Amino acid sequence: EVAIDIRRLRDEEIKDSTGRLIPKEVTSGQATWSQRGPQPLIGRMETFSPVAAISTSLSCPTPCCPPITELVFFLLCDIEGIPGESFTAHLMATERRLCDDEEFGPFDVTLDAAWSSSDTSVATVLGGEVDFIGPGTADIFADFEGSDWIFDTVSEECFYSVAPVVVSCLAEVQLPQLRGQFPVRL
């Protein structure tokens, strides 16, 4: 069980997963929560104000499946370098809940992907860290297991399935170029 104090998030200026803040002047609004992956989630919102002598307890009465993977992309793509350099690729994903068209993300899913290179003599990759090895070009692949949810109207249940996504980025490795005039010895 997890309790989230939204007022504390606002007052202490705690950023969300994408770096956004709840503005201090906000006094009302709507909270939306969702799960990522196949684990179950039961959401409930409770408010209490002894000064106003009110309390509420809210939950979602209508079935709504968790978000599906909408888009998977690299923050930066088509990378260049020289042998010995490295580059950190960041894989991002957005999600959308179909029942209300609510969008979530982007989330950094770099460590959730399986990484590979089309030519390890040019570039290798592990966990999104691309190491430039030798001259040439190589495709850097990220295999990500997105989520897909289907609502069954008969049982009124959501069923999860994996939505495989493969994205690629081109890595170009060149030998360093020396420029200028150099003395020649005979």
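Student: Is Tyr-160 buried, partly exposed or exposed?
Tutor: Buried means under 20% relative accessible area, exposed over 50%, and partly exposed in between, with a 1.4 Å probe and protein chains only. Tyr-160 has 31% relative accessibility, so Tyr-160 counts as partly exposed.

Student: What should I know about the model and its numbering?
Tutor: This is a predicted model, where local features need pLDDT of at least 70, side-chain atom pairs count only at pLDDT 80 or more, and totals for chains, interfaces and linings use all residues. Side-chain values use heavy atoms, leaving out hydrogens and water, and residues are numbered from 1 along each chain as its sequence is written.

Student: Which strands hold Phe-74 and Trp-115?
Tutor: Rings of Phe, Tyr and Trp (its six-membered ring) pair if their centres lie within 6.5 Å; planes under 30 degrees apart count as stacked, over 60 as edge-to-face and the rest as tilted. By this rule the count comes to 2 aromatic pairs. Phe-74 and Trp-115 form a tilted one, 5.8 Å centre to centre with 45° between the planes. The pair ties together parts 41 residues apart in sequence, because Phe-74 lies in strand E3 (residues 68-74) and Trp-115 in strand E8 (residues 114-117).

Student: How are the rings of Trp-149 and Tyr-160 arranged?
Tutor: Trp-149 is buried, with a relative accessible area of 9%. The ring centres of Trp-149 and Tyr-160 are 5.0 Å apart and the planes stand at 55°, so the pair is tilted.

Student: How many bridges pair E11 and E12?
Tutor: Strands (E, at least two residues) are DSSP runs, numbered from the N terminus. Two strands pair if DSSP finds at least two bridges between them. In E12, Ser-168 stands opposite Phe-141. E11 and E12 pair in the antiparallel sense, and the number of bridges is 17.

Student: Which residue in the hairpin of E11 and E12 takes a positive phi?
Tutor: The hairpin has 4 residues between the strands. The phi is near 55°, and the residue is Glu-156.

Student: Which strands stand at the edges of the open sheet of 3 strands?
Tutor: The order is E5-E10-E9, with antiparallel pairing. Each edge strand has a single partner strand, so one side of each is left without a neighbour in the sheet. The edges are strand E5 (86-88) and strand E9 (123-126).

Student: How many residues are in the largest nonpolar core?
Tutor: A nonpolar core is a set of buried Ala, Val, Leu, Ile, Met, Phe, Trp, Tyr and Cys residues joined through side-chain atoms within 4.5 Å. Among the members that touch the most others are Phe-74, Leu-91 and Trp-115. The number of residues is 24.

Student: Which residues join Glu-70 in one salt-bridge network?
Tutor: A salt bridge is a side-chain nitrogen of Lys or Arg within 4 Å of a carboxyl oxygen of Asp or Glu. Arg-96 forms one with Glu-70, the closest N and O atoms being 3.0 Å apart. Arg-96 lies in strand E6 and Glu-70 in strand E3, so the pair ties together parts 26 residues apart in sequence. Through shared partners, Glu-70 is joined in the network by Arg-96 and Asp-101.
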